[in-house]
Each structure stands twice: as C-alpha cells, then as structure tokens.
Amino acid sequence: RAALECALGKTGFRHDTPAFFSWMGVVGYLERDTALATLRSVARAAAPRSRIVFDFPAALETLDDDARALARTVDAGTASFGETRRGKHDPARLARDVAALGFAVRRHWTPAEHLARYFAGRSDGLAPNPETHLLELEGPGVAT
C-alpha cells in the first residue's frame, strides 16, 4: 500500500464514505510523477464520489510573455528559500492524465476566471498569479 493509504488507515479514515481532499500549494513543488502517484493513491483509498481540489502552475510554454516573466520571478524567489518549483503542467495534458487515473474533472478554474470572479473592479491593481490554475476532481474511488 502507498504511504497515503497507510497514513489514512491510521486515522480512522472511512474508505466507504465520500471524502474531500484539499491539496493546495503543493503540486507546484512536486515532480509530475510524484503528483500523479499521489492522485493514484487518493483514487485507491477514497470512496466513490470523493473529491480533491488542488492548484498548479502552468507550464511556461503555455503562458504569454508577461505571465512567463512573472513565473520565472516566482521560481527564482521560491528557489532562493530552498523551495524549488518542479511541477508545472500543461493544463490539457494534466486533464488527460487525471482522466487516465479515473478522475472526472468537475471544474477547472483558469487564471482568467480567478481574475474575473475575485479581482474585478479592484482599484489597487491586485491580481491573481496568471500561471495558477485550480482543478476540482471527482474520483472513481474504491468499490465498497
């Protein structure tokens, strides 16, 4: 069994009841294979209809010039603290990857949607990071 499954087993986690997993601020620091392995563990451990929400930075090649420059600045800043960002994803490829694990994408929030929903009309110029996407997945879960 994977580490996540073992850890959940020690907590009284109910494998027969849908659960909600919040996995914010993590995926950007994980290699692609590690992130997908974690999602695979969630799919094996959780009941059908369980959900997971996580954010991820988009791959540099999917960004426009301004967003790419900001992403490089963020990368340099996090690296200077010893926190190298390793997990940038092409949103379309990630959607295919999670579907291959049996997940359904319930919602994909793009940076433009973040801007429109939460930052519209601000006079101070505050805006979301233009490389950050958010996914909400519904997992296949284990048969109970």
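**Close-up views of a predicted model**

**View 1. Charges across the protein chain.** The protein chain carries 19 positive and 18 negative side chains, with the centres of the two sets 7 Å apart. Here Lys and Arg count as positive and Asp and Glu as negative, while His and the chain ends are not counted; each charge is placed at NZ of Lys, CZ of Arg, CG of Asp or CD of Glu. This is a predicted model, in which local features need pLDDT of at least 70, side-chain atom pairs count only at pLDDT 80 or more, and totals for chains, interfaces and linings use all residues. Residues are numbered from 1 along each chain as its sequence is written, and side-chain values use heavy atoms, leaving out hydrogens and water.

**View 2. The order of elements.** Let's follow the protein chain from the N terminus: its elements run α-β-α-β-α-α-β-α-β. That comes to five helices and four strands (DSSP runs numbered from the N terminus: helices are H or I, at least four residues; strands are E, at least two).

View 3. Four strands form an open sheet in the order 1-2-4-3, with mixed pairing (two strands pair if DSSP finds at least two bridges between them). Strand 1 (20-23) and strand 3 (104-109) are at the edges with a single partner strand each, so one side of each has no neighbour in the sheet.

**View 4. Strands 1 and 2.** Strand 1 runs parallel to strand 2 (residues 51-57), and four bridges join them. Look for Phe-21, whose bridge partner in strand 2 is Ile-52.
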